[in-house]
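The sequence and structure come next.

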Amino acid sequence: MTNKILALKYRPQNFNDLIGQEVMTQTILNAIKLNKTPNAYLLTGIRGVGKTTTARLIAKALNCEKNNDSKIKCSDESTCSTCKEIINSSHIDILEMDAASKTGIDDIRELIENSKYSPTSAKYKICLLYTSDAADDPPPSLKFILATTEVRKIPVTILSRCQRFDLKRVSVEQLCKHLKNIKIKEKGEISDDAIRLIARTSEGSVRDSISL
């Protein structure tokens with residue numbers, strides 16, 4: 001596929017590429033290094049600031065093969081098999097669900113049934129839910145990652161079980177820098193004034209700025 005949507009082509013594949021969320025990134029990585037991770041993460045923020053991307057990055061960071069074997073190298077140039085499968089949304093232990101549309105009884109039953117089983121090959125089985133659903137306290141090998149723009153609609157009983165991270169709107173300066181880098185890589189012709197206008201119009205959303 002030669003003409004790939006830019007927002008997908010430049011989706012961050014590691015935490016270093018996630019712009020505007022440095023404090024959150026460091027907090028998450030420190031907890032993973034110390035093996036003090038919560039049973040459930042809650043990622044909130046406006047559209048396009050990186051909630052889904054962060055959810056997948058957490059899934060990769062928790063399950064990366066180099067965590068268990070220092071001899072294994074995993075980077076953008078040489079990705080371990082587990083991270084590669086997560087990137088391609090094909091890992092059997094990483095369950096992604098759009099809870100806004102998957103609201104049927106059968107959908108919830110399937111989620112609950114899947115959550116009962118231990119991971120097949122990864123360290124953690126992870127359920128990525130894009131809105132507001134969760135189960136009771138999960139076993140240590142099961143992690144929930146919820147991502148939503150409507151945090152007020154999530155019941156307090158679920159909020160109390162989550163470690164919450166609010167993704168910030170990305171600054172105009174950071175967006176301009178990001179867009180200029182994409183302009184160079186794509187050999188595009190666009191003025192600095194136009195880039196700044198796009199950055200301001202996107203109101204802090206990385207995806208919106210790239211789409212514009």
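## Strand pairing and fold

Strand β1, residues 40-44, runs parallel to β5, and 4 bridges join the two. Within this pairing, Leu42 stands opposite Arg164 of β5. The model is a predicted one.

The pair belongs to an open sheet of 5 strands with parallel pairing. The strand order is β2-β3-β4-β1-β5. At the edges lie β2 (94-97) and β5 (163-166), each of which pairs on one side only. Direction ignored, neighbouring strands are turned by 15° against each other on average.

Helix α3 packs on this sheet. Its contacts there are with β1, β2, β3 and β4. The direction of α3 makes about 155° with that of β1.

| Element | Residues |
|---|---|
| α3 | 51-63 |
| β1 | 40-44 |
| β2 | 94-97 |
| β3 | 125-129 |
| β4 | 142-148 |
| β5 | 163-166 |

How far does α3 reach from its first C-alpha to its last? The span is 19 Å for 13 residues, close to the 18 Å expected at 1.5 Å a residue.

Is α3 mostly covered or mostly open? The helix is mostly covered, with 11 of its 13 residues buried.

Now the whole chain. The protein has 9 helices and 5 strands. Read from the N terminus, its elements follow the pattern α-α-β-α-α-β-α-β-β-α-β-α-α-α. The radius of gyration is 18 Å, close to the 17 Å that the globule rule gives for 212 residues, so the protein is as compact as a globular protein of that length. Along the principal axes, the C-alpha trace spans about 55 × 45 × 35 Å.

Of the 212 residues, 42% count as buried. Among contacts between residues at least 6 apart in sequence, 66% join residues at least 24 apart. The protein exposes about 12,600 Å², and carbon and sulfur atoms supply 50% of that area.

Terms used. Residues numbered from 1 in each chain as written. Predicted model: local features only at pLDDT ≥ 70, side-chain atom pairs only at ≥ 80, totals over all residues. Heavy atoms only, no water. Pairing = 2+ DSSP bridges. Axes fitted to C-alpha atoms, helices over the stretch in contact; angles between N-to-C directions. Contact = heavy atoms within 4.5 Å. Expected span 1.5 Å × (residues − 1). Buried < 20%, exposed > 50% of the residue type's maximum accessible area, 1.4 Å probe, protein only. Rg over C-alpha atoms; globule rule 2.2 N^0.38 Å. Areas by Shrake-Rupley, 256 points an atom, 1.4 Å probe, with all protein chains shown as cover.
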